[in-house]
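User: I have a structure open here and a few quick things to ask about it. Can we go through them one at a time?

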Amino acid sequence: MAEAPLLQLSGITKRFPGVLANDHVDFDLEQGEVHALLGENGAGKSTLMNILYGLYHPDEGEIHLNGEPLRIDSPRAAIDSGIGMVHQHFMLIPVMTVAENIVLGVEPHNGPFLDLEAAEERVREISQRFGLAVRPEARIDSISVGMQQRVEILKALFRGADILILDEPTAVLTPQEAGELFEIIRSLQAEGKSIIFISHKLGEVLEIADRITVLRRGEAVETLPREGATEEGLARLMVGREVLLRVDKKPADPGEPLLTVENLRVLDERGLETCSGVSFEVHAGEIVGIAGVDGNGQSELIEAITGLRRPESGRILARGRDMTGEGARECLEAGLGHIPEDRQRRGLVLDFTLAENIALHDFREPPDSKWGWLFPRRLIDRAKRLLAEFDVRGGGPQTLAAALSGGNQQKVVIAREVSRDPSILVAAQPTRGLDVGAIEFVHQRLVAEQNEGRAILLVSFELDEILSLSDRILVIYEGRIVGEYSRDVSEEELGIAMTGGRGTEAA
Amino acid sequence: MAYEPGTSATKGVTEWFSSRIGGILVPVAATALAFLIGGLVVAITGNNPVTAYKAIFAGTGLNWFFPWVTGETREAAANDLQQTLILMAPLILTGLAVAFAFRCGLFNIGGQGQYWVGFSAALFVGTHLEGLPRPLHVFLAIAASILAGAVWGGIAGILKATVGAHEVITTIMLNWIAIFGGTYLYEIGGPLQGPQESIPRSNEVFESAELWAIWGSLPALHAGIFIALFALVVYAVILNRTTLGFEIRAVGFSPEAARYSGISVAKNYFLALAIAGAFAGLAGSVDLLGFKFSVDVGDYGTNFIAFTGIAVALLGRTRAVGILFAALLFAALEVGTSTRQLDPEVFEPALAVDLATMIQALVIFFVGAELLILYIWQARKLLRRGSVGEPEATP
């Protein structure tokens, strides 16, 4: 190599008690490139970047900037060297304005007074230069998550960052916002900034990165250029084995309708109507996908169907039985399984053991209990069986649910729901936050359940997921079903319908 | 797969650490630290902390368990131990009253009120129904106290379940209703005042309603300690072996997940506070039928047993075994520092009572600061490795 790269990390090793988080990792960044750091949850991506940002100190290894050895022992030192980081969880003060947040700690001042106008002026200037379109005087709690992320980027740029670390930046964004973020990244790149893009999503890495480094279990497995890289190849590098990105699925052979929703109207907490007359049917042995951007009434729709929210009007029939307005317990007893969208808050009691979590719906009845008397031994025995069957790793029946990784937590939820042999299964965001290997498992399992003859309602923000699993696709927009498509519809067509554009059967 | 074995192993270790070691370490460290600081204060007041603590320990009667303590000292120790155990019984029960609600995610500050209504209910039964066989009379008086306590706690429970009134506010208000209600009943000219017109005191319960004395006479240790121990077992069994306990714990850990599983959050709020109240009410009858036998209006201003019960529940980390030891500690501390136990030459009794209060407060403070203690402990381990920080968390 003729010229030293802009930034070079060599032989970085970081040990935590019982874990080798980074094992002699080499990573370099060229001026003006987007270099993606790809790996599953826990592969060591964040550790490596936290070392670069001065939050951790490596046990071994060196960092060179422009060929000069560099010691970074605090975020302050990183910032001084022109390294900025946008964390997955934003560090903004909600009640302060954009400009105030950005200048926090480096306030321009006029004597002893804060010169807010100068601050706003500079923020506006940088914002325009990179096409960020952020209003400096807006309060943080009044702007969208996507905007808040731009504020974080601005914050780094304001402090003179030439190297930007973006930690899982799309995790919190809608597809539209993600698209806009990529535009911003490209304009940053055009201005000569260099970007490290951390992700576990294959598609977006292939879209935005110039080079990709794959981390697996703390080791840098390979660094490769985008050209020639494929999703399948990257998935194999990430997981260490062949991964099926698209599930094999036989054409559906739908039976009788098991779940019927008629003209359902549902209100949210604030009393606003978020579902305005939704009707559809899900038949035995088919997967119906509901596609839509977050916040178009999906959550309320699911809650109404699963007995967690009382609908205003309309009807819900499960196997022909009217379940409208029944509670969660009645729904469970009527043969409805529910994989909830928030497994940590709703799907699991994190402080319960896995055995208790698996018994969460059935503990009232024999064999779990009799006359109010619980048989913990039986809970444990069943859990042992199910944990093995669903390949849950990282703990046994007596482990607390909180100790498991997201993918394994989700397996526990699925094991519980499926083992009750429901005729209807509602799966909301079943793969949110999971990595490739776990997603593969969940998808295969859902198809297997479909083949068992269950009626499956899948709600997801991920178009990929909807397209690869569903037999029929409904698009929800502002609380209405605005279109129905077969599974060979194009992603573009769905995308347009999801944002309120014209659907084939527009309402 | 979806997780890195190393990462989840670390998480497992942390989990194990905080649930096992942390579970014992924190209360023990908190107690030790409290005694240490208490000792410093003793030293500042110009006394020898070691002699003071020795005297306090002797005053608790716990030295009775040492086989080499003989003769007169042993007799004195027996007397002291009886007092410690008498006090321990209601401390266990009021501790359970706080702990049980806590397991459902509720903070029951109403133990004192529940204690007093239980006390009054038992007093009413104990001063009526003359001529009943003793076991029946005792049983009825105790049952009345449990019921009354449950009603008192249940009122706060219903308010929480139906209109969402915060249990901290309502239980405090119910405390005052119980205190002023009791004052009204037994004050001079009150409807249930006892035989002496000039003394604001209730009647004494009939002998047939008294709990059996089992050891000593000053006053004697009564059967209440067995009732308290039995209640501890009931507590553990309800929580761990019944569907009711399963629901209560589920609601306590995650109301949202409980609701999703078809568990009624409102119903469990009500039940948890009612059962908590039952424990506190039982504490009232144990005290009444065990050694008080009547109540003086003045007692309403000096008895804070259920507030010490909060300390017991916190130090015991709401576990049955923890509550047992915490109740023993606080009972011993109170008896050991009471004025009649201490030799003024060694340590001024008035100071000793303050010292007991101070140590109690410090224990609570440090238990509350458990995160801090755990943090220091872990930071120490990490520092030894020359680094501070945690591995990336798997979301």
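User: What share of chain B counts as buried?
Analyst: Of its 395 residues, 49% count as buried. Keep in mind that this is a predicted model.

User: And how many helices and strands does chain B have?
Analyst: Chain B has 15 helices and two strands.

User: What about its contacts, how many join residues at least 24 apart?
Analyst: Taking contacts in chain B between residues at least 6 apart in sequence, 74% join residues at least 24 apart.

User: Switching to chain A. Which domains is it divided into?
Analyst: Domain 1 covers 7-239, domain 2 is made of 247-335 + 422-507, and domain 3 covers 349-421.

User: How many Å apart are domain 1 and domain 3 of chain A?
Analyst: Their C-alpha centres lie 39 Å apart.

User: Now strand 15 of chain A. Is that mostly covered or uncovered?
Analyst: Mostly covered: five of the five residues in strand 15 (residues 287-291) are buried.

User: Which residues sit on which side?
Analyst: I287(A), G289(A) and A291(A) are on one side, with V288(A) and I290(A) on the other. Both faces of the strand are covered.

User: Which strands does strand 15 pair with?
Analyst: One is strand 22 (residues 455-460) of chain A, which runs parallel to strand 15 and is joined to it by five bridges. Another is strand 23 (residues 472-477) of chain A, also paired in the parallel sense, over four bridges.

User: So what are the bridge partners of I290(A)?
Analyst: In strand 22 the partner of I290(A) is V459(A), and in strand 23 the partner is L474(A).

Technical notes. Residues numbered from 1 in each chain as written. Chains lettered and ligands numbered in written order. Predicted model: local features only at pLDDT ≥ 70, side-chain atom pairs only at ≥ 80, totals over all residues. Buried ≥ 20, exposed ≤ 12 C-beta atoms within 10 Å, placed from the backbone. Pairing = 2+ DSSP bridges. Domains from an automatic or database assignment. Contact = placed C-beta atoms within 7 Å.
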